[in-house]
Amino acid sequence: MQPAGSFPSPMPNTSAPIPNPANPVIAIVGLSTKSDRPSFGVARYMQERGYRIIPVNPMHVGAHILGELCYANLFDAAKALAAEGQKIDIVDCFRKAEDIPPVVGEAIMIDARCVWMQLGIVNEAAAEKARANGIQVVMDRCLKIEHALGNLHGIL
């Protein structure tokens with residue numbers, strides 16, 4: 001029962017918080033729509049701290065996750081952001097290690113500053129390719145945990 005004078009919201013708040021423009025833009029490759037998944041928790045945590053999160057997941061193209069439109073790949077996301085005068089700075093990967101090389105290829109093409117592989121994800125060959133193209137690499141680390149600990153790796 002609603003208290004007197006209060007009204008239920010007709011729609012849940014699906015808009016994204018306003019990000020801090022000084023913070024880097026983070027594309028999360030493999031972001032899930034399920035709130036109990038680690039990718040969703042990391043994205044929500046970073047978004048709540050003023051980072052703009054860009055969902056990248058071909059299974060959810062066109063859907064809104066945490067108030068942001070989801071893209072099929074980094075190219076599509078980067079093109080949309082360019083139209084807004086923004087770019088993707090960090091590519092946070094929630095993909096298996098063997099799926100990382102094409103993500104690094106896209107990160108190079110969109111001129112990302114960092115490829116971040118979450119806990120348990122290590123791909124040395126992909127990391128070397130990224131570094132050879134001037135991209136900072138963080139592997140086997142959780143973005144949320146590192147941020148909470150103050151370990152910003154010169155990128156956050």
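Pro101 touches Asn123 and Ala126 in this predicted model, not counting residues up to four places away in sequence; contact here means heavy atoms within 4.5 Å. Pro101 is placed in helix H3, where helices (H or I, at least four residues) and strands (E, at least two) are DSSP runs numbered from the N terminus. Pro101 counts as partly exposed because its relative accessibility is 36%; buried means under 20% relative accessible area, exposed over 50%, and partly exposed in between (1.4 Å probe, protein chains only). Between Pro101 and Leu81 there are 20 residues of separation in sequence and 23 Å in space, C-alpha to C-alpha.

The model is predicted, with local features requiring pLDDT of at least 70 and side-chain atom pairs pLDDT 80 or more, while totals for chains, interfaces and linings use all residues. Residues are numbered from 1 along each chain as its sequence is written, and side-chain values use heavy atoms, with hydrogens and water left out.

The buried residues of H3 are Ile100, Val103, Val104, Gly105, Glu106 and Ala107. Their cover includes S1, H2, S5, S6 and H4. Just after H3, Asp111 adopts a positive phi of about 65°.

The largest nonpolar core comprises 28 residues, and those with the most contacts inside it are Leu74, Ile88, Val91 and Met117. A nonpolar core is a set of buried Ala, Val, Leu, Ile, Met, Phe, Trp, Tyr and Cys residues joined through side-chain atoms within 4.5 Å. Two or more residues of this core come from each of strand S1 (26–29), strand S2 (53–56), helix H2 (74–83), strand S5 (90–93), helix H3 (100–109), strand S6 (114–117) and helix H4 (124–132). A second, separate core of 21 residues includes Phe40, Met46, Leu66 and Cys114. With neighbours within four places in sequence left aside, Val91 contacts Ala27, Val29, Leu74, Val103, Ala107, Ile110, Ala112, Cys114, Val115 and Trp116.

Helix H1 is mostly covered, with eight of its 11 residues buried. These are Ser39, Phe40, Gly41, Val42, Ala43, Tyr45, Met46 and Gln47. The buried residues of H1 pack against S1, S2, strand S3 (64–65), strand S4 (68–69), S5 and helix H5 (143–149). After H1 comes Gly50, which has a positive phi near 95°.

Gly50 also takes part in the surroundings of Asn23: the Asn23 side chain reaches the backbone oxygen of Gly50 at 3.1 Å. Asn23 lies in the segment before S1 and counts as buried because its relative accessibility is 18%. Apart from neighbours within four places in sequence, Asn23 is in contact with Arg49, Gly50 and Tyr51.

The largest pocket has a volume of about 420 Å³. A pocket is an open set of points on a 1 Å grid over the protein atoms alone, where a 1.4 Å probe fits, with protein on both sides within 12 Å along at least five of seven lines; lining residues have an atom within 4 Å of a point. Grid points are joined across faces, edges and corners, and the volume is the space filled by probe spheres set on the points. Of the 22 lining residues, Val29, Gly30, Asn57, Phe94 and Arg95 are the closest to the pocket centre. Helix H1 (38–48) and H3 are the elements that give two or more residues to the lining, and H3 gives the most, with three. The lining divides into 11 nonpolar, six polar and five charged residues; Ala, Val, Leu, Ile, Met, Phe, Trp, Tyr, Cys and Pro count as nonpolar, Asp, Glu, Lys and Arg as charged, and the others, Gly among them, as polar.

Notes:
A polar contact is a pair of N or O atoms within 3.5 Å; within protein, one must be able to donate a hydrogen and the other to accept it, and residues adjacent in sequence count only if both atoms are side-chain atoms.
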